[in-house]
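This report describes a two-chain model, taking the contact between the chains and then selected local features. Please read it with the sequence and the structure open.

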Amino acid sequence: MKDRAETARDRRPFFRSRDALVLFLVLLTALLLFLAAGKSPSPAGCVAKIYFDGKLIESVRLSQGIERDWLFPERPSIVIHQYADQTIAFVSSDCPDHVCVRTGRIGQPGTFAACVPNRFLIVIEGETDSSEQEDVDLVA
Amino acid sequence: MSRNNPRRMAVQRMTRTSVMLAAALALSLLESVLPPLPAPVPLRYGLANVAVMAALLFIGPFEAVSVALLKSVFVLMTRGLIAGSISFTGTLLSVGVMVGADFLLKRRTSVFLLSVLGAIAHNAGQLFFLVLFLQYKLSVLFIGPYLLFFGVLTGLLSGALLFICLRPLEAFFRASDRSGGKDSGMM
């Protein structure tokens, strides 16, 4: 009788025809969520909301042509840079894996970058519909 | 000592699980030097899931859960409590979904389905931790599509990697089984 290792390859094709249904349902759900998110009124501009330890500490309006660094006394090692092309990014952090810095620039509503070890979070929100979304979509 | 000796079998399972854990840690380290995914939200490739799935397919569900949990313990020790907790939540949900799917489909789950379900569950687990425990103010409506879409992509990647490795892994396990039989005096 074959053991678990011997049967692993025999019974495991890469793809079965029934997987197509699962794949279709997952992608359909993703598309519906994407369309639902896109129904919000198109924002005139974007705001980067910077949270520390779950509390909002700064709202940065991402305006064209404005470029500056943001430093915070809560974590002096964190440097957030606002770019002239209406994006923002973590550029420096003392966290071990630098996932936050590697995330790069963000600027589209709904996108976020997080420095989890330092408990810093940047979330981009549409300027016109942020309060409305908080009522409907935000889960925390 | 007989090839079916319970003590020998237990040692063999533990050794195989340790090899899979080492592979998971190596893949995790490899992932940390790869360029980030071109996604609008921070996501990882989930390469370590290849080793967890291999443990599930070749050794068993208990060993797969062990590999996943010990990998999170390693993250906890090297990257701190919060990173370890995020890894723990994502990993636990991921391996739970994979083991559950494999059980429900009577061990006939395809590599693709197993991998994609694991990747999506991993992303969802990490998001739940960020939102529920760290109180991150994130919109599920905005992030959900990206998590699902990139879950399919990263699941496809890790599933393909595992499928490529199935024959070498099978050969490795057969060889270790044979050498275990020869060296049974040492076991």
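Two strands are said to pair if DSSP finds at least two bridges between them, where strands (E, at least two residues) and helices (H or I, at least four) are DSSP runs numbered from the N terminus. This is a predicted model, in which local features need pLDDT of at least 70 and side-chain atom pairs count only at pLDDT 80 or more, while totals for chains, interfaces and linings use all residues. Residues are numbered from 1 along each chain as its sequence is written, chains are lettered from A in the order in which they are written, and side-chain values use heavy atoms, with hydrogens and water left out.

In that sense, strand β1(A) pairs with β7(A) in the antiparallel sense over seven bridges, and β1(A) also pairs with strand β2 (residues 55–62) of chain A, again antiparallel and over seven bridges. Facing residues of these pairs are listed below.

Strand β1 (residues 46–52) of chain A has seven of its seven residues buried, buried meaning under 20% relative accessible area with a 1.4 Å probe, protein chains only. Both faces are covered, with Cys46(A), Ala48(A), Ile50(A) and Phe52(A) on one side and Val47(A), Lys49(A) and Tyr51(A) on the other.

Turning to the interface, the contact (heavy atoms within 4.5 Å) takes 49 residues from chain A and 55 residues from chain B. Chain A and chain B bury about 5100 Å² between them, 66% of it on carbon and sulfur atoms; buried area is the accessible area (1.4 Å probe) that two parts lose on being put together, summed over both. The rule finds one salt bridge across this interface, that is, a side-chain nitrogen of Lys or Arg within 4 Å of a carboxyl oxygen of Asp or Glu. It joins Asp102(B) to Arg12(A), with the closest N and O atoms 2.7 Å apart.

Which residues does Leu134(B) touch, not counting residues up to four places away in sequence? They are Gly54(A), Val116(A), Ile82(B), Ile86(B) and Phe129(B). Leu134(B) lies in the loop between α5 (111–133) and α6 (140–182) of chain B, and Leu134(B) is buried, with a relative accessible area of 17%.

Notes:
Buried < 20%, exposed > 50% of the residue type's maximum accessible area, 1.4 Å probe, protein only.
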